[in-house]
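Here are a few notes to go through with the model open beside you. Take them one at a time.

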Amino acid sequence: MPHTLLVLNGPNLNLLGAREPATYGHETLDDIAAICERTGAEHGLEIDFRQTNHEGQLIDWIHQARGRCAGILINPAAWTHTSVAIRDALAAVELPVIEVHLSNVHAREEFRRHSFVSGIAVGVIAGLGSDGYRAGIRHFSKLLKG
Ligand code: CA2
């Protein structure tokens with residue numbers, strides 16, 4: 001049975017490609033999903049790629065990952081900076097978590113420099129666009145091989 005990685009995306013990321021290309025690039029979320037699936041296949045990992053604009057939905061998906069997934073790669077988008085609930089859910093499922101951001105959050109507004117998620121993550125990737133998702137999946141593949 002291949003390991004399954006849950007790749008979660010938070011609010012407004014469904015708009016990728018359509019607006020703000022200077023900050024987030026030209027790729028759509030479907031493009032990023034395809035990149036993740038390809039990278040996962042190269043490493044023998046199954047990718048379960050999801051996006052939601054509803055915080056409770058994201059929390060339910062995190063809870064359901066317990067016992068089903070080997071790790072969570074998450075771009076929590078704006079909830080990165082606001083949500084104790086998402087941090088608590090991620091901590092509760094006791095799975096390895098990698099946080100990823102398309103943009104370099106440290107080179108933007110001050111409020112983007114704080115993340116509620118980073119403290120419970122194995123690692124944080126920011127500013128590499130979709131390459132960050134690739135790097136996160138590759139790292140999981142190493143981690144899961146032991
Ligand atoms: O850089 C990232 O990946 C972010 O997680 C993206 C979030 C932002 O709130 C974080 O600080 C950094 C925003 C996602 C919204 O995406 C849009 C895409 C196109 C047009 C408008 C928003």
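At what angle do helix α3 and helix α4 pack, and how far apart are their axes?

1. Helix α3 (residues 55-64) and helix α4 (residues 84-93) pack at about 10°, and their axes are 9 Å apart. Axes here are lines fitted to C-alpha atoms, for helices over the stretch in contact, with angles running from 0 to 180 degrees between N-to-C directions. Helices (H or I, at least four residues) and strands (E, at least two) are DSSP runs, numbered from the N terminus. So α3 and α4 are roughly parallel to each other, a label for angles under 35 degrees.

2. Before you go on: this is a predicted model, where local features need pLDDT of at least 70 and side-chain atom pairs count only at pLDDT 80 or more, while totals for chains, interfaces and linings use all residues. Residues are numbered from 1 along each chain as its sequence is written, and side-chain values use heavy atoms, leaving out hydrogens and water.

3. Who touches whom? On the α3 side the contact (heavy atoms within 4.5 Å) uses Glu-55, Leu-58, Ile-59, Ile-62 and His-63. From α4 come Ala-85, Ile-86, Ala-89, Leu-90 and Val-93. Sorted by class, this contact has eight nonpolar, one polar and one charged residues. Here Ala, Val, Leu, Ile, Met, Phe, Trp, Tyr, Cys and Pro count as nonpolar, Asp, Glu, Lys and Arg as charged, and the others, Gly among them, as polar.

4. Now look at helix α2 (residues 29-42) and helix α5 (residues 131-145), which pack at about 25° with axes 9 Å apart. That angle makes α2 roughly parallel to α5. On the α2 side, Ile-32, Ile-35, Cys-36, Thr-39 and Gly-40 make the contact; on the α5 side, Tyr-133, Arg-134, Ile-137 and Arg-138 do. Those residues divide into five nonpolar, two polar and two charged.

5. Check two backbone spots as well. Asn-12 has a positive phi of about 75° although it isn't a glycine, and it is found in the loop between β1 (3-9) and α1 (21-24). Glu-94, also a residue other than glycine, has a positive phi near 55°; find Glu-94 in the loop between α4 and β4 (97-101).

Note on methods
Angles under 35 degrees count as roughly parallel, over 145 as roughly antiparallel, 65 to 115 as roughly perpendicular and the rest as oblique.
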